[in-house]
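I opened the model today to look up a few local features. My entries follow in the order I made them.

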Amino acid sequence: EVCAAGHHGEAAHMLRRTASACAAGGVLAAGAYAAQGGDEGRRSVLLGLARADEQLRPALAALLPAEAFVALYSASRTPFLGALAASAGCGALPSAPSIGLRAMGLSFRNDLGNAAGLDKDGTLLDFNYALGAGYAVVGTVLSDPHSGNLFDFLGGLWRGNAWTPLPSSGGALNSLGLPSKGVEPALRNIAAFRERHGVPPQRAEHGRPAGDGGASFPVGVSIMGHPAHGDPADKLEGVLRCVRLCLPLADFIEINESCPNVHHGGSHGGDATAELRKRLEAIVAERDAAARGGGRRVPLLVKLGDLGEAEGTVRFLSRLGIDGVVALNTQKDYASFELPPADRALLDSYTARYGGGLSGPPILDRSSAQAAAAQAAVRELGLAGRFVVVHVGGVQSAADVQRSRATGAELRQWYTGLMHGLARPEPDLLYERVTAPERHQRLRAAMR
């Protein structure tokens, strides 16, 4: 369409080449297919196209210039996620694997859910619920709509948020910059999901046995100060407004203090800790006031990009009334991570233009080590059962889940790994295969 509108020359030629490659890979084709309206086979076609794309990515990366490859996946990310959301109602999925887990006083179907950033506005709740996730995180939401970081691609032929996979390592880079429709649309989607599936907000109650079934599906909301609010006071007020609105509907709230693609406001160094304390004290006070007024006491988590000295961080957060830490967000010290040469070249090209954070398998060692350190601090400080560690960063397989569980972290999240999992055979059994591999193997043996 862009070319037909009169744009010609080298950039238009590159765009046509990119569009052809995308159709071969299937990502934009999947989004276009989903938009056509549905039949019972739509989800199967969508995930089959995703599987084809996964296989073709290394060849596409070698064929296309880096700018065109990044434009391809940046342009197709939103249509693909929209297709996933639209596919949730297409036929029944197997029942979710349940391991009877309780954390933060909440009941979970299992210990693995999506990380913040995947489901910005709650449109993927039905999909994740049907797929068998143990819980979900919506957001990061903002007090007002935000376009995120917008970049020009292919000589200005397209403008949008930047994201790319790293095909050889399974990693990814994103510079999205927190695009959001605002907190209200996300909450409307959460409320509608709860009504459709009979999943009311849970009241955190410690000491009770874990429940089972669909109602044991906590929905958390990730919140952060609006990147466009330059005044720290305005930024904090936006966060507090989001907290007030989310408390009646969220099972837990995750405060994002770690997005690498936006400025969080305030200072660096010693003053930053004092400002973080001030922000978190205000958020905790908002939560506690609502609980005293007859509401639920909603657990508060803080997501960080680096724990620093883990025991000091855990002590700092717990003394403020925070209920847990989420570690880690995407990483920006790119030289610290080993990557295959092709991925390193793509990373260098991408980050020179867009910056961004690295996610997926390349950061698993770091995130696992920090989750283990945080859990050791919880034990050392006598906070077991009162302060939760949520591990995120590089989890992709059943072996990764077992490794994550070995850190002692009660919960784990994935995003890049989830997207890779959907491109594997039998995606409908993804959560069972990853969180309960022995049960999955028994069921497969019985079917044979």
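I began with Ala 52, which sits in helix α3 (residues 42–63); helices are DSSP runs of H or I with at least four residues, numbered from the N terminus. Residues are numbered from 1 along each chain as its sequence is written. The model is predicted, local features need pLDDT of at least 70, side-chain atom pairs count only at pLDDT 80 or more, totals for chains, interfaces and linings use all residues, and side-chain values use heavy atoms, without hydrogens and water.

Ala 52 counts as partly exposed because its relative accessibility is 26% (buried is under 20%, exposed over 50%, partly exposed in between, with a 1.4 Å probe and protein chains only). I checked Ala 52 against Arg 424: they are 372 residues apart in sequence, and 9.7 Å apart in space from C-alpha to C-alpha.

Next I looked at helix α4 (residues 66–86). Its 21 residues should span 30 Å at 1.5 Å a residue, and the end C-alpha atoms are 30 Å apart, which agrees (the expected span is 1.5 Å times one less than the number of residues). I noted a bend of about 40° at Arg 77, with Pro 79 following within four residues; the bend is the angle between axes fitted to the seven residues ending there and the seven starting there.

Last I took helix α12 (residues 398–406), where Asp 400, Val 401 and Ser 404 are buried. Seen down the axis of α12, the buried residues fall within an arc of 100°, so they line one face of the helix (the arc is that of the directions from the helix axis to the C-beta atoms). On the other side of α12, I found Ala 399 and Ala 406 exposed.

Notes: Helices (H or I, at least four residues) and strands (E, at least two) are DSSP runs, numbered from the N terminus.
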